[in-house]
Amino acid sequence: RLPCALSSQPADTMLACASIAALGFAGAMRTAPAPSPRAVVRMDALDSLPGASIEMPLADGKPWDPLGFSKLNALPTQDSRPSANPSLKWLRESELKHGRIAMLAFAGVAATELLGLRVSSAEAFSDSNWFTAWQTFSIKNPGGAAQILLGCALVEGATFPEAFWDDAGDRAPGDLGFDPLGLSKGKSAADKATLELKELKNGRAAMIAIMALSSSKLVPGSVPLLP
């Protein structure tokens, strides 16, 4: 029997099925990437990436990478197989994606906690605690939660950069061609570089902020100035 049939609770069953379907969608889309005629865009050295210049004065003229993550892909492998470790290009894509999600999350927390905003007056959105709001929403509206999970899977599958693992792929990290507000339109190369640096720095700050907010909820009093 399917794992989603093991639960006796309708909400749990629907969410379990949605999770399994989401994994299936994402997996199917990543194993059959569409061919592209464009040239491979390879990642530059770490010291030439956006953000490296502000770190170098603090680390003896070198980018700050104390654990050597940027060198993982260069480690030798057996039998000339593809590297078991991600390339610098993959890592930068991951950093940008998590930074963007963290910025959205922080904006959501600020909107609900500070401004008291709600998406709807429906019972599913009644939880004013951002840390437990998803659990409440999933229980009271499992169909809506399932749609969100499937939507995330479709986006993830469509943008999954499988070739980035070995420093291949036909686009730069984070460049999904999605700019509905036209923020980069008509900008010079220098202005675009400034915007990229701002996104990177704000994304990093948001990731730290969300971790701090989460820690304050999990361990009350663990973060100074937070209740």
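Predicted model: local features only at pLDDT ≥ 70, side-chain atom pairs only at ≥ 80, totals over all residues.

In which hand, left or right, does H3 pass H6 in their crossing? The crossing is left-handed.

Let me set out the geometry. Two packed helices are described by the angle between their axes and the distance between the axes. Helix H3 covers residues 88–113, and helix H6 covers residues 189–218. Their axes come within 7 Å and cross at roughly 60 degrees. Angles from 65 to 115 degrees would count as roughly perpendicular and those under 35 as roughly parallel; H3 and H6 are therefore oblique to each other.

Which residues make the contact? On H3 they include Arg92, His98, Ala102, Ala105, Phe106 and Val109. On H6 they include Asn202, Ala206, Ala209, Ile210 and Leu213. By class, this contact has 12 nonpolar, 4 polar and 5 charged residues.

I turn now to empty space. Rolling a probe the size of a water molecule over the atoms shows where such space is left. How many cavities of 30 Å³ or more does the structure hold? The structure holds 1, and the largest cavity has a volume of about 40 Å³.

Both helices take part in its lining, each supplying at least two residues. The lining consists of Glu95, Leu96, Gly99, Arg100, Met103, Glu199, Leu200, Gly203, Arg204 and Met207. Glu95 and Arg100 of H3 also belong to the helix contact, as do Glu199 and Arg204 of H6.

Thank you for your attention.

Terms used
Residues numbered from 1 in each chain as written. Heavy atoms only, no water. Axes fitted to C-alpha atoms, helices over the stretch in contact; angles between N-to-C directions. Helix = DSSP H or I, 4+ residues; strand = E, 2+ residues; numbered from the N terminus. Parallel < 35°, antiparallel > 145°, perpendicular 65-115°, else oblique. Left-handed = near helix turned anticlockwise from the far one by under 90°. Contact = heavy atoms within 4.5 Å. Nonpolar A, V, L, I, M, F, W, Y, C, P; charged D, E, K, R; others polar. 1 Å grid on protein atoms, 1.4 Å probe; cavity = no way out; pocket = protein on both sides within 12 Å on 5 of 7 lines; lining within 4 Å. Points joined across faces, edges and corners; volume = space filled by probe spheres on them.
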